Amino acid sequence: MRFLPVFLDLQTGPIVLVGQGELAQAKLRLLLSAGARVRWFATDNKYDLSGFDADAISRVEKASGDPLAVHLSNVIAVLCAGAGDAGHAMAARAKAAGIPVNVMDEVSHSTFIFPAIVDRGDVIVAVGTGGNAPVLARRVRESIEKVLPARIGDLSALIGAWRERVKAKLPEMSSRRTFWERVVDGEIGAAVLAGRKNDADRALENISDHDAFASSKGEGFVALVGAGPGDPDLLTVKALRVLQDADVIFYDDLVSPEILDRARRDAARVSVGRRIGKPGIGQDNINKLLIEAAREGKRAVRLKGGDPFVFGRGGEEVAALREAGIPYAIIPGITAGIGAAAEFEVPLTFRKQALRITFLTAHKAEDAGQVDWTTLTDTKMTVVVYMGISAASAIRESLLKAGRASQTPVGVFARVTRPDSKAVVGMLDDLPSLVSAIESGPAILVIGDVVAHSLPWKNANPQEFLNQLMMAAE
Ligand code: SAH
C-alpha cells in the first residue's frame, strides 16, 4: 500500500484550489458538496459559480494575486486542476511547505490522491487503486453501493447521538462494544434501516438495564429468500444483503454453488434440499430447523431456487413461522419461468397473441390427472409448466385431449441462466421427444404461440420465424 486512506477534517481550514475550466469546476463541486471552504485561484481569472447555491458560494473565496506568493498557513490541502505549469510549480511549493497536494491526474506531482467515494451521510467508503485505474475504482464503488443499505448513514447518526448517554451508563469499553453490536445487528438497527428512526430512538430510551441489554441474545430472524434460477447476478440487492448478514443458510438442492459463494463466509450452510427422486429431510423438519435457529438468536436464511412463493412451499414455512411467533421477511427471486423467458427471448405475453399466463406444476403423471386441462386450451394463453419433465407424455396427451392444437409451439428450457443451459423447441405433438433431448434438469416447459418468437425458434426455423413476425405485425 503506497497511499494510506485518511479522512480530512474540512472544518479546520480552507482548501486552496488552483486552476480553471471544467476540471476546476469538477473539483469545486466535490469540495463544496463536502462542506469545504475553498480559496480559489482561477488561472484564467474567470470565477464561474453558476449552478452553486448561496451557501456554497459563501464558502468560496475568489483569491487574487499569485498563488505561488501568497501565504499558506492554516491551509489543509492544495488542489491543482486544469492549472498547467502553474499547477506543477504550486505542487512543488506545497510539498516544500509540507502541505498535502493533489495535481489532478498527475500522481507524480501529488502527495495524495482522490478515491472513488460512496457517500451515505456519516458513512463514507473510499476506494483507491493507487491512482492507476479510476475506472476500476468506480466499478468497486458501484458494487459497494449495491450492498450498503441506503440508510446506513442514519444508523451512524443515531449511534453518534446516543454515544455519550450510553457511555455514561456503560463505562467499560467491552460492554459498550457489545451494546452497540446488539443495536446494529438487532431490531433497533433494522428499524433505522427501514426508515423508522423514531421507533429506534424510543427503543433506546426504553432500555432500563444497559448491561442486561448488552449481554442479551439478539432476536432471531428468518428471511425466506428467492435465489433465482442460477445466475448469481440475478440475485436481488436485498437477497445479497441478507446472505451477507446470515448466521446460517438452509438451502435447497436447486440453489447453485455460485450463489452460496456470495454468502457471508462464516455463515453455516445446511442443505435441506429435496430433489425429484430424493426425499430430503421433509417440510416439517425444515420448519423446525428454521424455528430453532431463530430461537437461538440466529439470523437464518431459507434460500430457495427461483421465487419462494412459486412452487417453493414458502407459504407453509411462513405459516409455521407465524404460528411460532418468529419474525420473518420474504425476499422475492426471479422464478425459473421468467428466467427462461429472458434468456431465450420468449415474450410470455404478446400483444393480441398471448393475453394470459398460467404457471402450473405437473410433477408426476398422477399430478397431471389433477389439472383441469380444459382451462388451458385458450390459444391466447401461455402455459408455463414447472416440474413437468417426467410427466411430459401425460401433459401432451391431456392437452391434446382437452383440445389444444398439436402444432402449438413448445419450448423445453433446461438449467436456465446457468452456464450449461439448453433450449429445445418444437410442437406440442413432439413434447416427449423434445424433453428427452435436454439431457438433464431442472427444466421448465413453455407452451403457447409465443414460443415461436423465441431465439431458439428463430435459429431452428428462420423462414417460419419471419412468417410469425409478419402475422404478429398484422
Ligand atoms: N421456486 C422455484 C420452483 C421450484 S420447483 C422457482 O420459482 O423457480 C422446481 C422446478 O422449477 C423444476 O422442476 C423446474 O421445472 C423449475 N426450475 C428451477 N430452476 C430451474 C432452472 N434453472 N432451469 C429450468 N427450470 C428450473
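In which loop is Asp53 found? Select Asp53: the residue is found in the loop between β2 (38–42) and α2 (54–58). Helices here are DSSP runs of H or I with at least four residues, strands are runs of E with at least two, and both are numbered from the N terminus. This is a predicted model, in which local features need pLDDT of at least 70 and side-chain atom pairs count only at pLDDT 80 or more, whereas totals for chains, interfaces and linings use all residues. Residues are numbered from 1 along each chain as its sequence is written, and side-chain values use heavy atoms, with hydrogens and water left out.

**First stop: Asp53**

Asp53 counts as partly exposed because its relative accessibility is 48%; the classes are buried (under 20% relative accessible area), exposed (over 50%) and partly exposed (in between), with a 1.4 Å probe and protein chains only. Display the side chain of Asp53 together with the backbone of Ala56: a polar atom of that side chain lies 2.8 Å from the backbone nitrogen of Ala56. A polar contact is a pair of N or O atoms within 3.5 Å; within protein, one must be able to donate a hydrogen and the other to accept it, and residues adjacent in sequence count only if both atoms are side-chain atoms.

**The whole chain**

Zoom out and colour by secondary structure, which comes to 19 helices and 17 strands. The chain is more spread out than a compact globule, because its radius of gyration is 31 Å, well over the 23 Å that the globule rule gives for 474 residues. That radius is taken over C-alpha atoms, and the rule is 2.2 Å times the number of residues to the power 0.38. Along the principal axes, the C-alpha atoms fill a box of roughly 95 × 65 × 40 Å. Of the 474 residues, 42% count as buried. Among contacts (heavy atoms within 4.5 Å) with a separation of 6 or more, 63% are accounted for by residues 24 or more positions apart.

**Second stop: Asp119**

Select strand β6 (residues 116–120), where Asp119 lies. Asp119 is exposed, with a relative accessible area of 53%. Its side chain reaches the backbone nitrogen of Gly121 at 3.2 Å. Ser33 is 86 residues from Asp119 in sequence, and the two C-alpha atoms are 11 Å apart in space.

Move to helix α6 (residues 173–185), which contains Ser175. Ser175 counts as buried, at 15% relative accessibility. Not counting residues up to four places away in sequence, Ser175 touches Leu170, Asp211 and Ala214. Phe213 is 38 residues from Ser175 along the chain, with 9.8 Å between their C-alpha atoms.

Then select Pro232, in the loop between β8 (221–226) and α10 (237–245). Pro232 is also buried, with a relative accessibility of 14%. Which residues does Pro232 touch, not counting residues up to four places away in sequence? They are Glu258, Ile259 and Arg262. Draw a distance from Pro232 to Phe221: the two are 11 residues apart along the chain, and their C-alpha atoms are separated by 23 Å.

Arg313 belongs to the loop between β11 (299–304) and α13 (314–324). Its phi is near 60°, a positive value in a residue other than glycine. With 37% relative accessibility, Arg313 counts as partly exposed.

Lys352 is placed in the loop between α14 (336–344) and β13 (356–361). Phi of Lys352 is near 70°, again a positive value in a residue other than glycine. Lys352 is exposed, at a relative accessible area of 53%.

Show its side chain, which reaches the backbone oxygen of Asp420 at 2.9 Å. Leaving aside neighbours within four places in sequence, the contacts of Arg415 include Ile438, Glu439, Ser440, Gly441 and Pro442.

Finish on the peptide bond that joins Gly441 and Pro442: this bond is cis, with omega about -5°. Pro442 itself is in the loop between α17 (431–436) and β17 (443–447).
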